[in-house]
Amino acid sequence: MERHEDEARQPRLRRRAQGELEAQVLAALHGAPGPVNAAWVQERIGGDLAYTTVMTILTRLLAKNTVTRERAGRAFLWCSAADGAGLAALRMRAVLDGERDRGAVLASFVTALSPDDERMLRGLLGSPAGGA
């Protein structure tokens, strides 16, 4: 019974969506002075995130070609491969991933665009591979 009361007094940690964690890792790497190790990233993001979780996120980002790594002894040093636009896009995806009704969020976003942004988006959607 005592343990249950102690647990009830402790604040619950909000579970972060995968996209949100990826955005936080990328933001940390984007602000790094150069290639950094996973422990450096973990320290910048916050103490409640396990080292193994940071490594998992970095590995996923590597598979998406969003980060690069180089061997340094027995460890790896990591760098952001995304520019400011890529980082902003990842943040946007993290917000979208955190919502239940993606269609409603996208519809609301599109209807709030300026006419110039709407034309640009229509052009991107009409081009091969989303403009990439």
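Student: Which residue in β2 is the bridge partner of Glu70?

Tutor: This is a predicted model, in which local features need pLDDT of at least 70 and side-chain atom pairs count only at pLDDT 80 or more, while totals for chains, interfaces and linings use all residues. Residues are numbered from 1 along each chain as its sequence is written, and side-chain values use heavy atoms, with hydrogens and water left out. Strands β1 (residues 67-72) and β2 (residues 75-80) pair in the antiparallel sense over 6 bridges; strands (E, at least two residues) and helices (H or I, at least four) are DSSP runs numbered from the N terminus, and two strands pair if DSSP finds at least two bridges between them. In β2, the bridge partner of Glu70 is Leu77.

Student: Which residue in the hairpin of β1 and β2 takes a positive phi?

Tutor: The hairpin has 2 residues between its strands. A positive phi near 70° is taken there by Gly73.

Student: Is Thr66 buried or exposed?

Tutor: Thr66 lies in the loop between α4 (51-63) and β1. Beyond its neighbours within four places in sequence, Thr66 is in contact (heavy atoms within 4.5 Å) with Leu26, Leu61, Ser80, Ala81 and Ala82. Buried means under 20% relative accessible area, exposed over 50%, and partly exposed in between, with a 1.4 Å probe and protein chains only. Because its relative accessible area is 16%, Thr66 is buried.

Student: What separation do the C-alpha atoms of Gly34 and Cys79 have?

Tutor: Gly34 belongs to the loop between α2 (18-30) and α3 (38-45), and its 24% relative accessibility is why Gly34 counts as partly exposed. Leaving aside neighbours within four places in sequence, Gly34 is in contact with Trp78 and Cys79. Gly34 and Cys79 are 45 residues apart along the chain, yet the separation of their C-alpha atoms is 6.9 Å.

Student: Which residues does Val25 touch, not counting residues up to four places away in sequence?

Tutor: Val25 is one of the core residues that touch the most other members. With residues up to four places away in sequence not counted, Val25 touches Val41, Ile45, Ile57, Leu58 and Leu61.

Technical notes: Core = buried A, V, L, I, M, F, W, Y, C linked by side-chain atoms within 4.5 Å.
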